[in-house]
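Colleague: I have a model open and would like to go through its packing with you. Could we begin with the terms?

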Amino acid sequence: MKLRHILANALVASCLAAGSAEAQEASTLAVAVPSDPRGLEPGTNRAWPIGSEIILNVFDTLVAWTPPEFSELEGRLAESWTISEDGMTFDFILRDGVTFHDGTPFDAASVKFSFERTMELNAYVKATLGLIESIEASSPTELTIRLSRPYPAFMSILAQPQSAIVSPAAVAEHGDDFTNNPVGTGPFKFRDYQADTRVVLDANPDYFRGAPKLSRLIYSVIPEASTRRLELENGGIDVIQQSGQLSAVPLEEMEAFAKNPDIQILESPSQIIRQLEFNNSHPDSPFNDVRVRRAVAHAIDYDGLLGGIFGGTASRVYGPLTSNSWAFNPKVTEMAPGYDPEKARALLAEAGVDPADWNLKLYGFQGSLWGALATFVHANLADVGIDVEIAQTEFPTYRALHTGGEHKIALDGRQPWYNDPDAHITIGYYSGLADSAMTFRMPEDKELDGLILSAQQESDMDKRRELYFEIQEQLVNRVPGAYLFSPKLIVFARSNVSGLVVNSAPPLNEYWSVAKN
């Protein structure tokens, strides 16, 4: 009897352990991403998609976009706020009793520390957080930010990953290695990072909005789309993100997923723009002639591109803003160049150029769909006598040559990191920022620069819209690039995943509300 009792107890313990392991596995969500995350903390992040999403799950911002429409801002670490009539002073009441993952208290001083640190470390935020003139922490829960000039999109900027709040104590402890030991107040705590392999986050049971439904979140780096697909089908992965790619998986595999009851497809329109981009400041470029730029824009078969490669998963873009932007000017749909190879050849002849002498490289991102896009554009250009060499490049190398102005033509795009036309217009076309990011590298133009700054600063929304209408018309006439398409945001998930809502601007997902059933 005694032996039988011992065996029975052992069996019960074994079953409990197995049940606990199954429960742990059931509450662990595995997200497949195509590349290693970079910039795991706000101070050094430069809008790398995967690292940016991890930031929004480890850290909190003062405000965030409210799901599921993501059209209004809600308070996160800020409980409430007021904005002065001149649009330059922002007073915040902060949440009391919130702690960082290391147990230290969140307060106004930590917000001041975080913003000043990011402004010092990160040139990427020069055009946005760089407008902050002063930050005053008058009490642990009271904060005042003053800007050097009005900036209506400033509250949107505070929802960006670069505006997340870090633990001053953890920064002091880890120094430059804080990026490998990020500490915030968010729903998940950083646990482990293995380069080119995975990032592991554990639930924060003390999160001020309530504990997450998941116990663990794992970002698994799986470069090959076919492997990501197989892992999702077999249940080894729960979610496949686009993560800045044109698509998470090839089109034919999307169609197979649509017939699989174990997989759900979540779609959302985006404000992402993909374009064939000219370096508008290169001293030795054939594209310095607007007739040549127009010729290239007329050489692209836009309908063939959307119907062939993307099969309805993307829509045409006619100018510097997508049609779902509140500032979109419908007039540009008529102004934008259409597919007309004969006109393209005539413009090249009028410009008196010989494309055979150009020796062009068409730079673009790596990946099968980026390769298909490059091949399609290559064929279009060849049809009008322009020969290019396709150069698919790893992102760090591509960013370096692009920001260094070494290219003449490139396949590129912009993912807006806040829900405002300023996210596309200022950083893309203001000449003062031409060499600070992956932009159109516009030459100095006082009229256009003045319009851009006026639109950025105008507090009257109707007047802002009118200014952006004028900017769009000017840019379409100048042809700084050939605007191609806006891809839908598409996320694939196992059918037992619930509560995941796809955000469009920024295109980053939060997992606090997600569960596995």
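Modeller: A residue is called buried under 20% relative accessible area, exposed over 50% and partly exposed in between (1.4 Å probe, protein chains only). The model is predicted, so local features need pLDDT of at least 70 and side-chain atom pairs count only at pLDDT 80 or more, while totals for chains, interfaces and linings use all residues. Residues are numbered from 1 along each chain as its sequence is written, and side-chain values use heavy atoms, with hydrogens and water left out.

Colleague: Are Phe278 and Phe287 buried or exposed?

Modeller: Phe278 and Phe287 are both buried.

Colleague: How many aromatic pairs does a search of the whole structure find?

Modeller: The search returns 15 aromatic pairs. One of them joins Phe278 and Phe287, which are stacked at 4.7 Å centre to centre with 25 degrees between the planes. Rings of Phe, Tyr and Trp (its six-membered ring) pair if their centres lie within 6.5 Å; planes under 30 degrees apart count as stacked, over 60 as edge-to-face and the rest as tilted.

Colleague: Which residues do ring pairs link into a cluster?

Modeller: The cluster consists of Tyr207, Phe208 and Trp512.

Colleague: Moving to strands, how many residues of β13 are buried?

Modeller: Six of the six residues of strand β13 (residues 273-278) are buried, so the strand is largely enclosed by the rest of the structure. Both of its faces are covered, with Ile273, Gln275 and Glu277 on one side and Arg274, Leu276 and Phe278 on the other. Helices (H or I, at least four residues) and strands (E, at least two) are DSSP runs, numbered from the N terminus.

Colleague: Which strand pairs with β13 over six bridges?

Modeller: That is strand β17 (residues 409-414), in the antiparallel sense; the β17 bridge partner of Gln275 is Asp412. Four bridges also join β13 to the antiparallel strand β18 (residues 481-487), where Phe485 is the bridge partner of Arg274. Two strands pair if DSSP finds at least two bridges between them.

Colleague: What do the buried residues of α14 pack against?

Modeller: They pack against β13, β17, α15 (446-457), α16 (461-478) and β18, where contact means heavy atoms within 4.5 Å. Eight of the eight residues of helix α14 (residues 422-429) are buried, so the helix is largely enclosed by the rest of the structure. Among them are Asp422, His424 and Tyr429.

Colleague: Where is Gln271?

Modeller: Gln271 lies in the loop between β12 and β13. At 9% relative accessibility, Gln271 counts as buried. Its C-alpha atom is separated by 7.6 Å from that of Leu321, 50 residues apart along the chain.

Colleague: What does strand β12 pair with?

Modeller: Strand β12 (residues 263-268) pairs with β19 in the antiparallel sense over six bridges, and Gln264 stands opposite Ala493 in β19. Two bridges join strand β11 (residues 239-240) to β19, also antiparallel; Ile240 has Phe492 as its bridge partner. Six of the six residues of β19 (residues 489-494) are buried, so this strand is largely enclosed by the rest of the structure. Leu489, Val491 and Ala493 point one way, and Ile490, Phe492 and Arg494 the other way.

Colleague: What is the order of the four strands in the open sheet?

Modeller: The order is β4-β5-β7-β6, with antiparallel pairing. β4 (78-83) and β6 (132-139) stand at the edges with a single partner strand each, so one side of each is left without a neighbour in the sheet. Between β5 (residues 89-94) and β7 (residues 142-147) there are five bridges, and Ile93 has Glu142 as its bridge partner in β7. Helix α3 (residues 108-121) packs on the sheet, touching β5, β6 and β7, and its direction makes about 160 degrees with that of β6. Axes are lines fitted to C-alpha atoms, for helices over the stretch in contact, and angles run from 0 to 180 degrees between N-to-C directions.
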